[in-house]
Structures are given as structure tokens and as C-alpha cells.
Amino acid sequence: MKKLALFATAVLMSAPAFADDVFGTWKTETSDKGAHLEVSIKSCGDKICGIITEVVNSDNQSSKGKTMLKNMSADGGGSCSGGTIWAPDKDKTYKSTMKLQSANSLEVKGCVAFICRGQTWSRIN
């Protein structure tokens, strides 16, 4: 029984702390043309990543399956930092942070130096 408890503790410790709050599928903000992405945020080893699972109302389907968020670390309380975000519209990668605003609302930012741009994503599931 003691070995089982140690194993369970090791498994729990290997997952990013508090990250399950941000885990799930999220819808990006809708563009002026009515397009948006769906991004699946999950554990990738001891970090957090986000994969584009759907490209909606856009002729550009090449983003589907690409990693949008990489190497994010859970800071606790629904906040993540230390990773990067790929912006498909600019085809550039930026330092990134994420913070849950509520159970169904996630603020995602990409920054260069002190200049940031961000979106509020909505939880799909």
C-alpha cells in the first residue's frame, strides 16, 4: 500500500501543478472575417502546450495540427508563463503568458520586450 501511495504521489508531482484549470479545448477570438481557431491545451511532459485542432471559417487550413503554445509552465492559480505562442497571422513566435479569468475565459498574451497583444479565449470543453 505504501508503494502505491508513493507511485500516485510521483505521478501527481510530474504533472504541471494547477495546470488542469487551463487544460481543455479553447476557441480563439473571432476575426473580422468570422474565422477562429480551436486550440487543445494539454500536458506535454512536464510543460503545457496547445495544439490547433480546428480552423473555422478560413480557407487557410495549414495551421491545423500545428503547435501554437509551447513550453508553458504552471505558476498556480490558473496562471502559466515561461513559454511561447505562435501567431499564425504574423507567422511569428512570441514569449507568452496565460491566465484564467474564469472557468470559461482564458486571457492569452504574446509579448516582445514590453509590447504585448492578447486575446480572451472561450472554453469549448
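Cys111 is buried, at 16% relative accessibility, where buried means under 20% relative accessible area, exposed over 50% and partly exposed in between, with a 1.4 Å probe and protein chains only. Cys111 sits in strand β7; strands (E, at least two residues) and helices (H or I, at least four) are DSSP runs numbered from the N terminus. Leaving aside residues up to four places away in sequence, Cys111 touches Tyr94, Lys95 and Cys116, a contact being heavy atoms within 4.5 Å. Lys95 lies 16 residues from Cys111 along the chain, yet their C-alpha atoms are separated by 5.3 Å.

These values come from a predicted model, in which local features need pLDDT of at least 70 and side-chain atom pairs count only at pLDDT 80 or more, while totals for chains, interfaces and linings use all residues. Residues are numbered from 1 along each chain as its sequence is written, and side-chain values use heavy atoms, with hydrogens and water left out.

The strands form a closed barrel of eight, in the order β1-β2-β3-β4-β5-β6-β7-β8, with antiparallel pairing. Neighbouring strands of this sheet are turned by 35° against each other on average, direction ignored; the axes are lines fitted to C-alpha atoms (for helices over the stretch in contact), and angles run from 0 to 180 degrees between N-to-C directions. Two strands pair if DSSP finds at least two bridges between them. Strand β1 (residues 24-27) and strand β2 (residues 36-44) are joined in the antiparallel sense over four bridges, and Gly24 stands opposite Ile41 in β2.

Strands β4 and β5 pair in the antiparallel sense over five bridges, with Lys70 opposite Thr84 in β5. Two residues lie between these strands, and Gly77 in the turn has a positive phi of about 65°. The antiparallel pairing of β5 and β6 runs over seven bridges, and Ile85 has Tyr94 of β6 as its bridge partner. This hairpin has four residues between the strands, and Asp91 takes a positive phi near 50°.

The largest nonpolar core has 21 residues, and those with the most contacts inside it are Ile41, Leu69, Met98, Leu106 and Trp121. Such a core is a set of buried Ala, Val, Leu, Ile, Met, Phe, Trp, Tyr and Cys residues joined through side-chain atoms within 4.5 Å. Two or more residues each come from β2, β3 (47-56), β4 (67-76), β5 (79-87), β6 (92-102) and β7 (105-112), and β5 gives the most, with four residues. Beyond four places away in sequence, the contacts of Leu69 include Ile41, Ile85, Met98, Val108 and Trp121.

Ser63 is found in the loop between β3 and β4. This serine is buried, with a relative accessible area of 6%, and touches Ile52, Val55, Trp86 and Pro88, not counting residues up to four places away in sequence.

Finally, about 790 Å³ of space lies in the largest pocket. Of the 33 residues that line this pocket, the closest to its centre are Leu37, Pro88, Asp89, Arg117 and Gln119. On a 1 Å grid over the protein atoms alone, a pocket is an open set of points where a 1.4 Å probe fits, with protein on both sides within 12 Å along at least five of seven lines; lining residues have an atom within 4 Å of a point. Grid points are joined across faces, edges and corners, and the volume is the space filled by probe spheres set on the points. The largest share of the lining, six residues, comes from β8.
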